[in-house]
Amino acid sequence: MTYRAPVADIAFALKHATGFGPALAAGLYGDLAEDVVDAVLAEAGRFASDVLAPLNAVGDRHGTPLRDGAVTTPPGWRQAYRDWAAGGWNALAAPAQWGGQELPQALNAACLEMWNAASMAFGIGPLLTMAGVEALVHHGSDALKRTYLPKLVSGEWMGTMQLTEPQAGSDVGALRTKAERAPDGSYRISGQKIFITYGEHDFTDNIIHLVLARLPDAPAGTRGLSLFLVPKFAVNPDGSLGARNDVRAHSVEHKLGIHGSPTCTMVYGDQGGATGFLVGEENRGMACMFTMMNQARLAVGLQGVGIAERATQQALAYARERRQGRAAAAGGGSASSPIIAHPDVKRMLMTMRALTRAARAICYTTAAAIDRADRSPDAATRQAAHERASLLTPAAKAFATDVGCEVASLGVQVHGGMGFVEETGAAQHYRDARIAPIYEGTNGIQAIDLVTRKLPLADGGTIKAYLGELRRTVETINATNDPAFGWTGVRLGESLDSLERATQWLMARPNQDAALAGATPYLRLFATAAGGTLLAEEALAATRLPHDAAAEPAGRIAIARFFAENIAVQARGLERAVTEGADSVTGADAALAG
Ligand SMILES: Cc1cc2nc3c(=O)[nH]c(=O)nc-3n(C[C@H](O)[C@H](O)[C@H](O)COP(=O)(O)OP(=O)(O)OC[C@H]3O[C@@H](n4cnc5c(N)ncnc54)[C@H](O)[C@@H]3O)c2cc1C
């Protein structure tokens with residue numbers, strides 16, 4: 001079974017729990033009308049389902065062989081990319097000044113989910129180009145913008161993001177790639193980068209690398225990093241392509257998943273140094289890279305949502321067809337039941353659906369906060385929205401990508417043995433999903449970011465305001481007295497109590513090992529409480545729209561209730577791991593000896 005973009009669900013999630021709907025109604029997006037939003041989503045869904053999704057298995061089988069320095073992408077992929085770019089999808093949220101359509105980031109987030117559900121290996125390329133555009137818009141010189149942005153925005157050229165070196169992964173400050181000043185104001189780059197996504201390919205005629213490197217007199221660590229734009233081919237003043245730059249792909253990795261995406265080792269400076277152009281200021285490269293990474297982190301979170309959605313669709317279809325045993329509810333007779341009738345299979349399917357939708361809600365909420373930070377008329381609102389987006393970004397990335405793996409794993413489980421063989425495709429989703437918790441900053445690093453940098457924002461005011469907002473939703477659920485919600489309000493309220501206590505505990509121990517030990521369970525607790533509450537908000541919205549076919553109030557209440565009663569109840573355990581489990585982590589050396 002292939003992927004069908006769940007356009008109605010995506011549109012509902014976008015409009016009803018994320019802040020996007022009120023922003024649209026209040027005119028934050030100018031004269032953008034709801035029917036245009038719906039039309040964009042429908043068209044993206046068609047392209048993702050009909051064009052990209054069928055190429056996913058082809059990419060997995062074919063891979064991206066490197067011969068004589070050139071990578072061949074899988075059959076059909078180059079044309080699909082070109083059609084995708086020609087459709088304007090790369091330019092959706094980019095500034096109009098550079099040829100973009102300047103549509104909301106939240107709408108782009110919904111589209112990113114669809115591209116990546118259709119094919120993660122395809123989607124990872126464009127999302128890095130979009131992140132590169134963001135970095136150039138904010139930090140590039142006028143000359144760089146004029147030369148590179150129009151073609152990066154249109155998708156005529158693609159971008160890469162280059163931090164990693166053998167000794168510098170999570171510890172970016174350890175990187176050694178060298179940059180030397182040249183008399184003409186440009187720089188000469190030499191060194192090696194590893195694991196570079198789409199470092200070489202045949203989608204576009206030029207590739208624009210954004211590379212972190214170190215000047216000879218730079219301070220040690222991240223404070224000595226500068227960002228350079230290094231084109232594969234020089235660009236002549238008239239915009240045509242000139243000489244080949246001194247950068248090449250040396251090899252392509254063989255990996256567990258996303259086989260359609262070339263992961264390259266890049267070599268700079270075989271012939272004296274690649275020509276690079278400074279982005280931003282010398283030694284301020286990390287600030288530019290963070291602009292790029294924040295955008296990419298949310299987008300990688302959306303990869304998790306996408307793969308989870310695809311795995312869920314496939315598992316549901318299989319569970320309706322596959323017959324085994326006789327479910328108790330089926331009564332007498334000898335005919336076997338579809339496995340979806342067995343409570344344990346239903347539990348798996350509900351877990352998949354509920355986690356996927358919670359992760360989607362968190363990611364879209366983050367994107368809507370970015371829009372408010374970019375577009376709100378007053379500075380105080382922009383600042384508060386920026387802090388909200390900063391708080392949510394690590395949770396969006398880490399929770400959604402963990403969900404991608406967990407849901408894809410459950411997808412294999414629902415298929416039984418057929419999930420373990422490659423024929424059904426469930427195994428590919430499981431393999432593909434596994435990279436997302438690793439790249440763009442591992443999920444461990446995201447959790448540390450949440451605890452050490454994001455909780456202290458506005459002296460704790462950012463998390464406090466968010467908790468207050470979540471509590472108001474829970475109060476509304478409780479006030480409905482609708483028996484269909486079961487224990488939803490109570491359990492979500494308890495999860496918020498746990499989150500509040502764990503937050504206070506961590507904030508009393510800034511940067512201590514005890515806090516770092518609890519960072520990962522804390523991030524899960526944060527996302528569990530927030531995700532469950534957002535699902536409840538969606539359900540509430542659905543009850544207010546009984547005549548909207550996409551609202552499906554009964555289904556949405558059932559999902560919110562399942563999440564609250566089966567997943568949010570884990571909050572108390574996660575709280576204990578944060579507040580009581582640290583000593584057993586920091587003091588674990590004896591157990592890990594030998
Ligand atoms: C398919 C693929 C594509 C990639 N694409 C790109 C790309 O386009 N551009 C690019 O620059 N990089 C890319 N990467 C690299 C990727 O971002 C890194 O692999 C990732 O950041 C982790 O670095 P590492 O592999 O060196 O692991 P390490 O940093 O060695 O981490 C190993 C483990 O230790 C943990 N750890 C490390 N340091 C700490 C710490 N201080 N505190 C707590 N835990 C810690 C990590 O969380 C992880 O679990 C890609 C990688 C892959 C596999």
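This is a predicted model: local features need pLDDT of at least 70, side-chain atom pairs count only at pLDDT 80 or more; totals for chains, interfaces and linings use all residues.
Student: OK, how many of the residues of α18 are buried?
Tutor: 22 of its 26, so by that cut-off α18 is mostly covered.

Student: What span should α18 have, and what do its end C-alpha atoms give?
Tutor: Helix α18 covers residues 519-544. At 1.5 Å a residue it should span 38 Å. Its end C-alpha atoms are 38 Å apart, which agrees.

Student: Switching to the whole chain. How many helices and strands?
Tutor: There are 22 helices and twelve strands. The radius of gyration is 24 Å, close to the 25 Å from the globule rule for 594 residues, so the chain is as compact as a globular protein of that length.

Student: What box do the C-alpha atoms fill?
Tutor: Roughly 80 × 65 × 55 Å, along the principal axes.

Student: And what share of the chain is buried?
Tutor: Buried residues are 57% of the 594.

Student: What about contacts between residues at least 6 apart in sequence?
Tutor: Of those, 74% join residues at least 24 apart.

Student: How far apart are the mean positions of the positive and negative charges?
Tutor: 3 Å, for 54 positive and 60 negative charges.

Student: Now Phe122. Which helix is it in?
Tutor: Phe122 sits in α7, residues 120-139.

Student: Is Phe122 buried or exposed?
Tutor: Phe122 is buried, because its relative accessible area is 1%.

Student: Which residues does Phe122 touch, leaving out those up to four places away in sequence?
Tutor: Leu52, Trp77, Ala80, Tyr81, Trp84, Tyr198 and Phe203. Tyr198 is 76 residues from Phe122 in sequence, with 9.7 Å between their C-alpha atoms.

Definitions and conventions. Residues are numbered from 1 along each chain as its sequence is written. Side-chain values use heavy atoms; hydrogens and water are left out. Helices (H or I, at least four residues) and strands (E, at least two) are DSSP runs, numbered from the N terminus. The expected span of a helix is 1.5 Å times one less than its number of residues. Buried means under 20% relative accessible area, exposed over 50%, partly exposed in between (1.4 Å probe, protein chains only). The radius of gyration is taken over C-alpha atoms; the globule rule is 2.2 Å times the number of residues to the power 0.38. Contact means heavy atoms within 4.5 Å. Lys and Arg count as positive and Asp and Glu as negative; His and the chain ends are not counted. The place of a charge is taken as NZ of Lys, CZ of Arg, CG of Asp or CD of Glu.
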